[in-house]
Amino acid sequence: MATVFSIAIVLFGVVGFMTLGIREYPSVDQPVVTVSTSYPGANATIIEAQITEPLEESINSIDGILSLTSTSSDGRSSITIEFNPSRNLDDAANDVRDKVSSALSKLPTDADPPVVAKADADAITILSITVQSDRRDLLELTDIGTNIFKERLQTIQGVSSIRIWGERRYAMRIELSPQKLASYSLTPLDVSNALNEQNVELPAGRIENENTEYTIRAMGRINTPEELGRMVIARRNNSLVRVADVGQVRLGAENERTVMRGNGMAPMVGIALQPQPGANHIDIVDEAFRRVEQIRREMPPDILIDVATDTTLSIRKAINEVQETILIAFGLVVLVVFFFLRSWRITLVPVIAIPISLIGSFFVLYIAGYSINVLTLLGLVLATGLVVDDAIVVMENIYVRVEQGIPPIQAAFKGAREVFFAVISTTISLVCVFFPIFFLQGLTGKLFREFAMVVSSAIVLSAFVSLSLTPALSARMLKQGQKDALFTGPFKQAVIWATDIYGRGLRKFMRYRWTVFPVILSICAIIFILGASLPQELAPLEDKSRIRLTSTAPEGTAFEAMDAYQRELMMIVDTIPEKQFMQGTTAFGGGSSSSVNAAFVNITLTQPALRKRSQMDIARELQQVANRLNFAQTLVIQEPTISASRGGRSSLPVQFVIQAPDLDRLREVIPVFMNRAQSDSTFSAVTINLKFNKPEYAVEILRDKALDMGVSVTDIARIIQTYLAEQRIGYFIRNGKQYYIIMLADKANRDEPLDLTGLTVKNRDGRMVPLDNLARLHLESRPPQLLRYNRYVSATVSAAPADGKTIGDGIDAMRRIADDVLDDSFSTALTGSSADFAQSSGSIMIIFVLALALVYLTLAAQFESFRDPLTIMLTVPLAMAGAVISLWAFDQTLNIFSEIGAIVLVGIVTKNGILIVEFANQKREEHQMSAREAVTEASIQRFRPIMMTSLATVLGALPIALALGESSTSRIPMGTVIIGGMIFSLILTLFLIPALYTYLASKTKTVYEEED
């Protein structure tokens, strides 16, 4: 029966393994919805007042919003709504669409309709593909990228959006000469009106008779620049005035102020895939590659397709390395068992429990809807050392009976029955450690829920197998008088020698057992002192072979100047020997940024095994080089190991939000705050996303004078808007696709501020009036973008910690500066990786306290005593001291991995205490021994299984601590905590727990029968 159940567990586990999805980490993405609205020509102030504010006011009433952030920049409004993790993304998006629809009447009529997307505007790109050609221009490449790549890839399940980097969509551009228009007494409004009347194509109906039916099509649409140039605007002196008479018509790009380059500085376009929250990245990329390969076969030979960024490479590598770690841990555990039992035949009995328990846990993951990822596999690595413990305890106890001359079958019954309570107690205690994680929200709960599930399920399955299959196999495979394997004699003598030394040492220590209390007090002091000195961070930085450079030049920098700096920077990057591919874009028009004074470069490095320098070393060198370039501020950003909050993957680690009652108050404190932050030694780089130095010419319209001359304010504003704002005044069709017709002044009449005064406007009598008679120009400075966080005016200070500093140090420094600089009218918040760090730190403490409470209460219920569990629980500070000392000695940090390792340690170290206390209680009840005699005998008797289980756990975690793979450095603190805590607590537990037992052990229980 036990064999049948075990086989069934394995079969179900295999089915679960084959159907589970694969990710790098469990889905920690928050449900995010973005509302984007374009209003060409409008500055940030207009965007905020006329678009962002009405939309925010309507959206803010939706239930379940976690944060509401907005960016109002020139020509664009971007609102990001982050919902509570429990909120369904589809339902949230529908609610946002409803609220946006209700606010449409408040928006400007000439603004583009808002676009609602189920994704973060600044979401991570998991795959970017480049398309280039030596025969085609960027217009043609954009056409291929949009109409072929984008259309075929955006239907992949799990893809949220596909962006075209360096995109130059076709547009027909009318570049007007204000002087020529004035000579014909015309304005741009006359051109726009003529186009609206003459560029139409309406359904014209049909002609039908008894035998035939014809549909009629009125061909009024303009399709070529030549047709548009011949379009008649007006008649003057019996002559027709055409568009070509007052300007130039050409086929150009909708946005001519963006360009993307790659290796060799060749212009290209990039197709960037962004996933939906929670999507399987590997499945998306695999399907994308299949479709790209099909497209490649259809493309002409001059089209070159390359992969610029593939974030799943690090995911696949991490998964493979964790799988290798499992095999290494399994081998080490087998060696430990063999070392103590000295027989391969006997070793097979407890070792069989490992694959059954690990494989069976995959079925539990499948039922729960989880995935295979680094943390679930990491849980299996730890479980490898844990699941064998129960089998070792059962097997060792049966083996002792066989050595005493009891027949194997009888020994199996007696040995299993004797340790039944201890196995159940340790199993329940370990499960209770992970139980609080399942109810925890936020980043920590999302990350380690799957980790807890796989470890807990493996432990439960191990207990079942150990109490059923292990005794059955022992009865058949153990034999009386069984000989040890060859060359194992020294092993046997070593175990006997160690047991003998321990027994003598324990009896001697028990004479001075009162020293246990000062020792424990000293240990608590070590935890407090060393623990407070440990640096804190979210997770150690992983070498993912990816670096991002973001550059921001002074406000007012022209596109051409910014592009020249970008080319200079990329030439420097091109000299890095470890560079595999680079991808740089000037004036990136996606996400929440569309400024021409901004640029970025994505660098893909060769794999760590192929280079001598780490990603961190290369990033440090790049930052030093960038600091010597004075034209723009360039920041080197490395993708964090784990990130849940929006923007956390593509920004500096420290993200500190300052919220103010109004913009003027914010303007006052920002210079002081930034001076303090930039002079603080905690940071190597500090920047802020709110600036006030955007140069702007304000046109002051002289209303009285305009009224006297018969000109309305609306006409003046529309003339300026039409000449300078790249107004979209119509559409044309090209290859079955619809594109914009854009009208503006020609380059020669819009490159100097004084060009404004040369414009003319028509009054109500039809006469042309120069604009310099109706308006004055004032040079001002203003914010290039206005930001809000949860409806407050805000600014986000971003910083990179200096060498030797962590994100925790950075947050503490920001808070100190805020306390000194900001008064009570301001409030602050954390976002990005800083918010993830703060949330995880608070969550870990809750889990730790709940785990301790649950383990204690569970043991109290099992032992029917509050005193015996207290003895067992005092192993926890011993383990914590070992963990803290290990982190300090190996220069590790307190982070999400080391903290979870400490929680796991709570369950592991109590196992040894349970074995000692349970056997001591049995001896007191069965042999009427004193507490001191019973605990001494129990400790010596359980020395071998305690050493076996402890070494199995330590060696199971050893591959994690050694970071044998390239992508495993972030998990070193977890292995360090478990190994250091286990070794330190093992040494002290074997002496302190027996001493504590003599003081805290409960009295012998009185058993009452029902008849009594």
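The model is predicted, so local features need pLDDT of at least 70 and side-chain atom pairs count only at pLDDT 80 or more, while totals for chains, interfaces and linings use all residues. Residues are numbered from 1 along each chain as its sequence is written, and side-chain values use heavy atoms, with hydrogens and water left out.

The mean pLDDT (the predictor's confidence in each residue, from 0 to 100) of the chain is 85, and 95% of its residues reach 70 or more.

The whole structure holds 19 aromatic pairs. Rings of Phe, Tyr and Trp (its six-membered ring) pair if their centres lie within 6.5 Å; planes under 30 degrees apart count as stacked, over 60 as edge-to-face and the rest as tilted. Two of the pairs involve Tyr739:

| Pair | Centre to centre | Angle between planes | Class |
|---|---|---|---|
| Tyr170 and Tyr739 | 5.7 Å | 75° | edge-to-face |
| Phe732 and Tyr739 | 5.8 Å | 35° | tilted |

Tyr170 belongs to strand β7 (residues 170-176) and Tyr739 to strand β24 (residues 737-745), so their pair ties together parts that are 569 residues apart in sequence. Strands (E, at least two residues) and helices (H or I, at least four) are DSSP runs, numbered from the N terminus. The relative accessible area is 5% for Tyr739 and 1% for Phe732, which is also buried. Elsewhere, Phe434, Phe448, Phe451 and Phe897 make up one aromatic cluster.

Helix α23 (residues 807-821) packs against helix α24 (residues 832-863) at an angle of about 100°, with the axes 10 Å apart. α23 is therefore roughly perpendicular to α24 (65 to 115 degrees; under 35 is roughly parallel, over 145 roughly antiparallel and the rest oblique). Ile807, Gly808 and Ile811 of α23 meet Ser833, Ser834 and Phe837 of α24 in this contact.

Asn237 has a positive phi of about 55° although it is not a glycine. Asn237 sits in the loop between β10 (232-236) and β11 (239-242) and is exposed, with a relative accessible area of 74%. Glu864, also not a glycine, has a positive phi near 55°. Glu864 lies in the loop between α24 and α25 (868-873) and is exposed, at a relative accessible area of 65%.

Methods
Axes are lines fitted to C-alpha atoms, for helices over the stretch in contact, and angles run from 0 to 180 degrees between N-to-C directions. Contact means heavy atoms within 4.5 Å. Buried means under 20% relative accessible area, exposed over 50%, partly exposed in between (1.4 Å probe, protein chains only).
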